[in-house]
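Subject: A structure for you to look through

Hello,

Here is the structure I promised to pass on to you. Please open it next to this email and follow along as you read.

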Amino acid sequence: MPKLHKNPYSYRFIAASHKCTTKPLSRFLNSALRLILKHFREYCLGIYRNTGVNAFWIVENSLEVLDSLRSIPTRKAQLASFDFSTLYTAIPHNLLKDKITNLIHSAYTCRKSQYIEVCQDKAFW
């Protein structure tokens, strides 16, 4: 798909995945990782309640961004937008793997659990 707003034009690869051989594994991992994400969302909400510091910076969709922006007093707000087209490709893979591994271990430790059970599209500690 061409990105016509870029100069020079660039392209974004889009692939259909409804018959991909790895889709069942992807759905399984997505369920497990969403459970871990939920754990950290709740954990960071506790931090926010106790300190007023937002330690959770993951949004599900643009509506969450809009809600956050609406809560900022306009006289104090200075907004800017940036193009993060190279953000994820610039992260060293070893560092990323280490950070994700530490987050997963931390979630298991906090939940005092050794396993995540995944049934269809739901996951449980």
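Does Ser113 count as buried or exposed? With a relative accessibility of 18%, Ser113 counts as buried, because the cut-off for buried is under 20%. Please keep in mind throughout that this is a predicted model.

**The overall layout**

The chain has three helices and four strands. Starting at the N terminus, the order of the elements is β-β-α-α-α-β-β. There are 125 residues in the chain, and buried residues make up 11% of them. Looking at the contacts in the chain with a separation of 6 or more, 42% are between residues 24 or more positions apart.

Leaving out residues up to four places away in sequence, Ala32 touches Ile116, Val118 and Ala123.

**Two helices that cross**

Two packed helices are described by the angle between their axes and the distance between the axes. Here, the axes of H1 and helix H3 (residues 93–111) come within 10 Å and cross at roughly 70 degrees. H1 is therefore roughly perpendicular to H3, since angles of 65 to 115 degrees fall in that class. The crossing of H1 and H3 is left-handed. On the H1 side, the contact is made by Leu33, Ile36, His39, Phe40 and Glu42. On the H3 side, Leu103, Ile104, Ser106, Ala107, Cys110 and Arg111 take part.

His39 is found in helix H1 and is buried, with a relative accessible area of 6%. Not counting residues up to four places away in sequence, His39 touches Ala107, Cys110, Arg111 and Trp125.

Lys38 has a relative accessible area of 48%, so Lys38 is partly exposed.

Now back to Ser113, which is found in the loop between H3 and S3. Leaving aside neighbours within four places in sequence, Ser113 is in contact with Tyr108 and Trp125. Ser113 and Trp125 are twelve residues apart along the chain, and their C-alpha atoms are separated by 6.5 Å.

Tyr115 is found in the loop between H3 and S3. At 62% relative accessibility, Tyr115 counts as exposed, because exposed means over 50%. Leaving aside neighbours within four places in sequence, Tyr115 is in contact with Tyr108, Phe124 and Trp125.

Most residues other than glycine have a negative phi. Which value does Lys112 have? Its phi is near 50 degrees, a positive value in a residue other than glycine. Lys112 lies in the loop between H3 and strand S3 (117–119), and at 77% relative accessibility Lys112 counts as exposed.

Gln120 has a positive phi of about 55 degrees, although Gln120 is not a glycine. You will find Gln120 in the loop between S3 and strand S4 (122–124). Gln120 is exposed, with a relative accessible area of 79%.

**Cysteines**

How many disulfides does the model have? The count comes to zero. Cys20 has a relative accessibility of 36% and so counts as partly exposed. Cys119, at 34%, counts as partly exposed as well.

Happy exploring, and do write back with any questions!

Best wishes

Key:
Residues are numbered from 1 along each chain as its sequence is written. This is a predicted model: local features need pLDDT of at least 70, side-chain atom pairs count only at pLDDT 80 or more; totals for chains, interfaces and linings use all residues. Side-chain values use heavy atoms; hydrogens and water are left out. Contact means heavy atoms within 4.5 Å. Helices (H or I, at least four residues) and strands (E, at least two) are DSSP runs, numbered from the N terminus. Buried means under 20% relative accessible area, exposed over 50%, partly exposed in between (1.4 Å probe, protein chains only). A disulfide is a pair of cysteine sulfur atoms within 2.5 Å. Axes are lines fitted to C-alpha atoms, for helices over the stretch in contact, and angles run from 0 to 180 degrees between N-to-C directions. Angles under 35 degrees count as roughly parallel, over 145 as roughly antiparallel, 65 to 115 as roughly perpendicular and the rest as oblique. A crossing is left-handed if the near helix is turned anticlockwise from the far one by less than a right angle, and right-handed if clockwise.
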